[in-house]
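Please keep the sequence and the structure in view while reading.

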Amino acid sequence: MNTTTPDTLATKLAEAALTVLVRSCRTEVAAASRDDLEAACAAMRAKARQVIDQLLDDARAAPWVGEMAFHAAALELAQAGIAVLRRT
């Protein structure tokens with residue numbers, strides 16, 4: 001088994017989720033304190049295991065929707081961060 005593949009997937013997913021977060025909440029991100037940004041990232045990290053497991057399950061069940069499952073996972077992770085930023 002290629003052990004770098006899960007790490008690469010997680011890294012790409014994190015990059016995609018952070019991109020969605022920043023593009024969706026430009027003003028909130030710009031006005032957020034370091035603690036607020038860390039709280040948003042912590043919420044995303046807390047949800048990551050569940051989201052990655054779902055992504056892998058979806059991709060195994062229907063490989064042709066792998067890219068869509070990846071984007072859905074990125075959006076779900078970003079939503080966790082967005083919820084935290086908009087709460088503060």
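Of the 21 residues in the largest nonpolar core, those that touch the most other members are Leu13, Met44, Leu55, Leu77 and Leu85; a nonpolar core here is a set of buried Ala, Val, Leu, Ile, Met, Phe, Trp, Tyr and Cys residues joined through side-chain atoms within 4.5 Å. At least two residues of this core come from each of α1 (4-24), α3 and α4 (66-87), and α4 gives the most, with ten residues. The model is predicted, and local features need pLDDT of at least 70, side-chain atom pairs count only at pLDDT 80 or more, while totals for chains, interfaces and linings use all residues. Residues are numbered from 1 along each chain as its sequence is written, and side-chain values use heavy atoms, with hydrogens and water left out.

- Once its neighbours within four places in sequence are set aside, Leu55 is in contact with Leu9, Leu13, Gly66, Ala69, Phe70 and Ala73, where contact means heavy atoms within 4.5 Å.
- Although Leu55 and Ala73 are 18 residues apart along the chain, their C-alpha atoms are separated by 6.4 Å.

**The chain as a whole**

- The chain has four helices and zero strands, taken as DSSP runs numbered from the N terminus (H or I with at least four residues for helices, E with at least two for strands).
- The C-alpha trace spans about 40 × 25 × 15 Å along its principal axes, and buried residues make up 26% of the 88 residues in the chain.
- Among the contacts in the chain with a separation of 6 or more, 81% are accounted for by residues 24 or more positions apart.

**Cysteines**

- A search of the whole structure finds zero disulfides, a disulfide being a pair of cysteine sulfur atoms within 2.5 Å.
- Cys25 is buried, with a relative accessible area of 0%, whereas Cys41 counts as partly exposed at 25% relative accessibility.

Terms used
Buried means under 20% relative accessible area, exposed over 50%, partly exposed in between (1.4 Å probe, protein chains only).
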